Amino acid sequence: MMNKKVISLAALAAISVVFAACGGKKEEAAAPAAPPAVAAAVSGKDLYNGKGGCAACHGETGKGDGPTGVAVKAANFTAGFKKGGDLAGVSASIKNGVPGTAMAGYAAQLNDGEVKAVAEYVIELSKAGH
Ligand code: HEC
């Protein structure tokens, strides 16, 4: 008789879990997800090859061999970074540019979310290594 009690309790628990799950799903569908504070409208890759114009100098694979990259000695990301190679360092290079080189700062063109997205893509390219 102890077992019977345990089983019926388990059944009750299972039923309430099912009800809770249904209720939870309905609530989820009704409430729209809150957007992140600063969201990049496009992916880092699209920014790099498109709006940002990075590929023109750094090349599609980040080797610094874009159409205008060779002439201006654009950075080859697969060879490492002169400045910081982590997200903070790469983001700073993109935002502020690299003084004394053709690398201009992008703070005016790209918002923080876009800088982060394109910085992550640059790091991804640097790790591809070929
Ligand atoms: C006009 C050509 C040009 C364009 C366009 C350009 N860059 Fe650069 N970039 C350079 C040059 C030149 C350097 C400096 C290389 C050096 O340090 O000698 C550089 C440096 C960098 C660095 C620092 C590399 C290091 O060694 O630390 C990063 C990161 C970078 N660029 C990312 C970007 C991103 C992302 C974009 C697009 C939003 C972009 N660049 C657009 C030419 C360009």
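Helix 5 passes helix 6 in a right-handed crossing (the near helix is turned clockwise from the far one by less than a right angle). This is a predicted model, where local features need pLDDT of at least 70, side-chain atom pairs count only at pLDDT 80 or more, and totals for chains, interfaces and linings use all residues. Residues are numbered from 1 along each chain as its sequence is written. Helices are DSSP runs of H or I with at least four residues, numbered from the N terminus.

**The helix 5–helix 6 contact**
- Helix 5 contributes Leu87, Val90, Ser91, Ile94 and Lys95 (contact: C-beta atoms, placed from the backbone, within 7 Å).
- Helix 6 contributes Val115, Lys116, Val118, Ala119, Glu120, Val122 and Ile123.
- By class, this contact has eight nonpolar, one polar and three charged residues (nonpolar: Ala, Val, Leu, Ile, Met, Phe, Trp, Tyr, Cys and Pro; charged: Asp, Glu, Lys and Arg; polar: the others, Gly among them).

**Helix 6**
- The buried residues of helix 6 include Glu114, Tyr121 and Leu125 (buried: 20 or more other C-beta atoms, placed from the backbone, within 10 Å of its own).
- Its buried residues pack against helix 2 (44–49), helix 3 and helix 5.

**The ligand shell**
- The ligand is surrounded by 24 residues (C-beta atom, placed from the backbone, within 6 Å of it).
- The closest are Gly52, Cys54, Cys57, Lys83 and Met103.
- Helix 3 (54–58), helix 5 (87–96) and helix 6 (112–128) each give two or more residues to this shell.
- Helix 3 gives the most, with four.
- The shell holds 15 nonpolar, six polar and three charged residues.

Key:
Buried ≥ 20, exposed ≤ 12 C-beta atoms within 10 Å, placed from the backbone. Contact = placed C-beta atoms within 7 Å.
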